[in-house]
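Please keep the structure in view while reading.

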Amino acid sequence: MAEAASLQARDVSLKPGRAAIAETIRAGEIVGLAGLDGHGQETFLKAMAGLETPASGKIMLGVEGNGRPITSLAKAASTGIAYLPRDRRSTGIFPTQSILDNFAISTVGRDMRFGLISKAERRKRYETYREKLSIVAPHPNAPITALSGGNQQKVLLARALALEPKFLLLNDPTRGVDVATRHVLYDVFRGLAADGMALVILSSEIEEILVLCHRVLVFREHEVAARFSGEGMTTDAVIAGMFGRAA
Amino acid sequence: MNPVIRSLGEFVRGAGFALVLLVVLLAVNLMLNPARFHPAAWGTLIGLAAPLIGAAVASAPVILAGRGGIDISVGPLMGFVNAIVIQALFLQAGISSPLVLVPAALLIGAVVGAANGFMATVLRIQPIVATLGTYLILAGVTLTILPAPVGPAPAWLKAMAGPYSILPLGAIFLLWWLVRRTPYYDQLMAVGSDDRAAYTAGVPVTKVRFIAYVMTGVLAGIAGLMLTALIGSADPNIGPTYTLIAIAAVSLGGVSLAGGKGGLVGAAIGAIAIFLLQSLLTAFNVSTYVLQVAYGAILVAAVVLTALQDRHALRGVSR
């Protein structure tokens, strides 16, 4: 059997002169990105999504030693990488549009019947994700702004999942989301990973990374300052890494 | 709830004030001037309103695309199409076939729209400045090739302002109905709603906006033909007068100048409301100066009422 494709960072420098990062994200794992705000973890995540070009190095997708470079968001999306943006108010939702339109925007071409879009087809697609993510929403034609923050975030997650990605990149997915919804999302993330999806989660909360991720990369000054996994992944170790102290 | 009734309800809320105004004005017009609004006269009546409806509908796509998208060259483009079709093609080259004149008008519209789109989306010049340039160029070129009004227009074209006046409008709305069922429409509304979010969601923002300008140009080409049909001649001075009144009609019809809200049907309703107001005041023999004041007052009232309605709706949500 062919080896499953992985997402690889090859000698990626986030800023000129910083130590290069070599990293491989494999199917079925949940990788956390931690660090104080603005220490490069977001640039790293966006580079993997094709949204930013790193100072040097390449993002590749494929089997080890043989892959396609990811240089743009369109290329990332077409090769199975989905990205969930951080600030849902300014770069996520379309406030004037309906829930259904917000859900479908990344996959608008998929509901075609005889060359025209079928709303019924789109509704059907939305309903499967609404159930999977237990989105609490009125009619799908209601404006997205009628939903709570947590449910808006679920619609955005449904938008990303509708791409049926193999790699899901999440930029602080539970920011401003209530506790109950958080746990629903955690279960969803674990389920996706169990089904073979690779997830990269940037989180500003260490607790979240500890309960969710298999391993964590701690960023400091645009370099990976520490890597932890399994037993070594503790709050103290991660915090020490974030502040550049040896644990 | 029945989906038809629901979408009808959403539509009424969207076009809101303009629709109410339209119904009231229609009723008053019918009472005061039954002969003019007799079914036998509908062809001519629609032909009279058609250029304004066309100009409003043409202005809508770029406005829907958001981030200050606007095309003020719609009016002069209509005048330019009018001049080329009559002066250059019909009178000088002797071509009268609709199979040449219609595609020529659409092509001129598409080319000018593409030029506007290139300036506004690729060079990223502010749309109002870019299309102001086009406005001045087109108005000047039109006056150069056509210093004074000339006529006539081909007979088939004149019929488009009479018994067949519904045809070009029908064609526009059929086209828009089809566009609404393509992925492009969803992308257009998303870009208009929030272009940064659209970019992160994988929408090709620049391409979508560029196509909106081309669409505006093509629709302005059709509006130019409808104008030609109505005046039955070529006149270099009429086209530019449509620009501002079309934008007034668009915002009256519930299309947000911020983008991502409204549609072509709303724009048409706004235009019809303005046309009915025009016809009512003309029936009272009111001077055209007062007409301008009335346009302005109605527009300000509509914009204020829409803003109040939106704020109310928003408050309902956050509670």
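Predicted model: local features only at pLDDT ≥ 70, side-chain atom pairs only at ≥ 80, totals over all residues.

1. The nonpolar patch. Chain B carries a nonpolar surface patch of about 500 Å². Its members are Phe118(B), Val122(B), Leu123(B), Ile125(B), Ile128(B) and Val129(B). Helix H4 (98-122) and helix H5 (127-145) of chain B each give at least two residues to this patch.

2. Val122(B) belongs to helix H4 of chain B. Its relative accessible area is 45%. Val122(B) therefore counts as partly exposed, since that value lies between the 20% and 50% cut-offs.

3. Arg124(B), between the two helices. Arg124(B) sits in the loop between H4 and H5 of chain B. Its phi is positive, about 60°, although Arg124(B) is not a glycine. Is this residue buried or exposed? Arg124(B) is exposed, because its relative accessibility of 66% is over 50%.

4. Asp172(A), in the other chain discussed here. Asp172(A) also has a positive phi without being glycine; the value is near 50°. Where is Asp172(A) found? Asp172(A) lies in the loop between strand E9 (167-171) and helix H7 (179-194) of chain A. Its relative accessibility is 2%, which is under 20%, so Asp172(A) counts as buried.

5. The cis peptide bond. Gly151(B) and Pro152(B) are joined by a cis peptide bond. Omega is about -5° there. Pro152(B) is part of the loop between H5 and helix H6 (155-159) of chain B.

Terms used. Residues numbered from 1 in each chain as written. Chains lettered and ligands numbered in written order. Heavy atoms only, no water. Patch = residues over 30% accessible without salt bridge, like charges linked within 9 Å, V, L, I, M, F, W, Y side chains within 5 Å. Areas by Shrake-Rupley, 256 points an atom, 1.4 Å probe, with all protein chains shown as cover. Salt bridge = Lys/Arg side-chain N within 4 Å of Asp/Glu carboxyl O. Helix = DSSP H or I, 4+ residues; strand = E, 2+ residues; numbered from the N terminus. Buried < 20%, exposed > 50% of the residue type's maximum accessible area, 1.4 Å probe, protein only.
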